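Notebook open, model loaded. I'm jotting down what I look up as I go.

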Protein chains: 2
Amino acid sequence: MTPTITAFAQSPDRGKALARDMRIRWALEEVGQPYTVRRISFSEMKEPGHLGRNPFGQIPTYEEGDLVLFESGAIVLHIAECHRGLLPDDAQARARAITWMFAALNTVEPPIFNRTIALVMERDKPWHEERLPILEDRVRVRLGELSGHLGDADWLDGAFSAGDLLMVTTLRWLSASKLLGEYPNLAAYVARAEARPAFKRAFEDQLAVFHAHAGAA
Amino acid sequence: MTPTITAFAQSPDRGKALARDMRIRWALEEVGQPYTVRRISFSEMKEPGHLGRNPFGQIPTYEEGDLVLFESGAIVLHIAECHRGLLPDDAQARARAITWMFAALNTVEPPIFNRTIALVMERDKPWHEERLPILEDRVRVRLGELSGHLGDADWLDGAFSAGDLLMVTTLRWLSASKLLGEYPNLAAYVARAEARPAFKRAFEDQLAVFHAHAGAA
């Protein structure tokens, strides 16, 4: 059964694939699963129809027959459990890959997301200029630890996994800043992931949606 | 094999069970699995021994023979997959319960944790007084949505699950504030969870550790 995911009708990143539907698109491409996309406006996200899919009124969601899921991490894990290619077969390696999924979302994403929130929502506040370097130092703490762990390995723990997929989509929020470049092995890690055919297909698909609807209401 | 978890040698919450090892203690009590606890000081957390368990130098970690995991969400999921009692048997209900685990950690925890960070790390900043109400309003957005979803149900989706366990441990960070009380069904939800025998056993165990070492170096 072909799943349906939701994505922003007009992505605020203008085609950079920073919204969380990219995680689902990429995961589905890695496992070779076709899908359809339902585009949702910001006002539709908070209406009863979409709140029935996700009580927090966010994208992405995932519908597959009767099953309705939300949370990009949960959806990626569901895809990884239903198809080969995103989690190792060995039970211990699988548990470690899932650990990296949670590390991406619960340890690395929060300081990176807080920097984004400050840039988007607090740029006009009198404290922004003094506070931004504090936020960037909190990001550096996590990047330094992650860089130390990765060393010269290709991926976080053996073969590419759903843990790398979530980590890379998180690190890409720093693509427009100089922060990632301070850690050359992390910048190379992101570039290595972006060179994967499945990433490229997912990226091109969301970019095509953006171009098709650019300027539309 | 009896697993070993790590916890703060001196919990900064003074026995309120707000540190993330509580999630693991509670999960293990729910499934009836004995465990041992290794107490770690703040300086030990950043030393090579512990960084080998968790590259980000945080607690909790989980060791079971050769397997070493970190991230409270990943550890709770691992426990839930190895023992009955924290995830439904039905595949769709199981996927939804896992969705709530990620919702707790990736949608509800961030604004709550940001309020805690501000109270602990930015209380002396000139912007603290003006910024705190902004942070509390961001918490209210999520609490309102969660409250709307919960309604008069006992748990988030059918029977108690690992999703409730992570959500409740997240909401408990608001126990000392008036925010939770603005949503009576959420306050009752937390109280209902705290009344579970497994929660009580986990709480008493961490409190005993705190009392045994209170005032120690």
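Before counting anything, I note that helices here are DSSP runs of H or I with at least four residues, and strands are runs of E with at least two, numbered from the N terminus. I also remind myself that this is a predicted model.

**Entry 1: the fold of one chain**

I started with chain A and got nine helices and four strands. Reading from the N terminus, the order is β-α-β-α-α-β-β-α-α-α-α-α-α. I then checked the overall dimensions: the radius of gyration of chain A is 17 Å, close to the 17 Å from the globule rule for 217 residues, so the chain is as compact as a globular protein of that length. Along the principal axes, the C-alpha atoms of chain A fill a box of roughly 50 × 45 × 30 Å. Of the 217 residues in chain A, 41% are buried. I also looked at contact range: taking contacts in chain A between residues at least 6 apart in sequence, 71% join residues at least 24 apart.

**Entry 2: domains of chain A**

I find 11 residues of domain 1 of chain A in contact with 11 residues of domain 2 of chain A. On the domain 1 side, the elements that give two or more residues are helix 1 (21-30), helix 4 and helix 9 (197-213) of chain A. By class, that side has nine nonpolar, one polar and one charged residues.

**Entry 3: how the two copies relate**

Next I superposed the chains. Chain A goes onto chain B with an RMSD of 0.0 Å, by a turn of 180 degrees and a shift of 0.0 Å along the axis. The two copies are thus related as by a two-fold rotation axis.

Which residues do the copies use to meet? I get 31 residues from chain A and 31 residues from chain B in the contact. On the side of chain A that touches chain B, strand 4 (67-70), helix 4 (72-82), helix 5 and helix 6 (128-150) of chain A each supply at least two residues. Helix 5 of chain A gives the most to that side, with 13 residues. Sorted by class, the side of chain A has 15 nonpolar, 10 polar and six charged residues. I compared the two sides as well: 100% of the interface residues of chain A are also interface residues in chain B, so the copies meet through the same surface.

I went looking for the largest nonpolar core and found 106 residues in it. The residues with the most contacts inside that core are A:Ala162 and B:Ala162.

Is helix 4 of chain B mostly covered or mostly open? Mostly covered: nine of its 11 residues are buried. The buried residues of helix 4 of chain B include B:Val76, B:Leu77 and B:Ala80, and B:Ser72 and B:His78 are also among them. The cover over the buried residues of helix 4 of chain B includes helix 5 (91-121) of chain A. From chain B, the cover includes helix 1 (21-30), strand 3 (61-64), strand 4 (67-70), helix 5 (91-121) and helix 7 (162-171).

Last, I went through the peptide bonds and phi angles. A cis peptide bond joins A:Ile59 and A:Pro60, with omega about 0 degrees. A:Pro60 sits in the loop between helix 3 (48-51) and strand 3 (61-64) of chain A. In chain B, the bond from B:Ile59 to B:Pro60 is cis too, with omega near 0 degrees.

A:Glu71 is not a glycine, yet its phi is positive, about 70 degrees. I place A:Glu71 in the loop between strand 4 and helix 4 of chain A. Is A:Glu71 buried or exposed? The cut-off for buried is 20 or more other C-beta atoms within 10 Å; A:Glu71 has 27, so it is buried.

I noted B:Ala17 as well, with a positive phi near 65 degrees. B:Ala17 is in the loop between strand 1 (4-8) and helix 1 of chain B. With 23 other C-beta atoms within 10 Å, B:Ala17 is buried.

Key:
Residues numbered from 1 in each chain as written. Chains lettered and ligands numbered in written order. Predicted model: local features only at pLDDT ≥ 70, side-chain atom pairs only at ≥ 80, totals over all residues. Rg over C-alpha atoms; globule rule 2.2 N^0.38 Å. Buried ≥ 20, exposed ≤ 12 C-beta atoms within 10 Å, placed from the backbone. Contact = placed C-beta atoms within 7 Å. Least-squares fit on C-alpha atoms with pLDDT ≥ 70 in both. Core = buried A, V, L, I, M, F, W, Y, C linked by C-beta atoms within 7 Å. Nonpolar A, V, L, I, M, F, W, Y, C, P; charged D, E, K, R; others polar.
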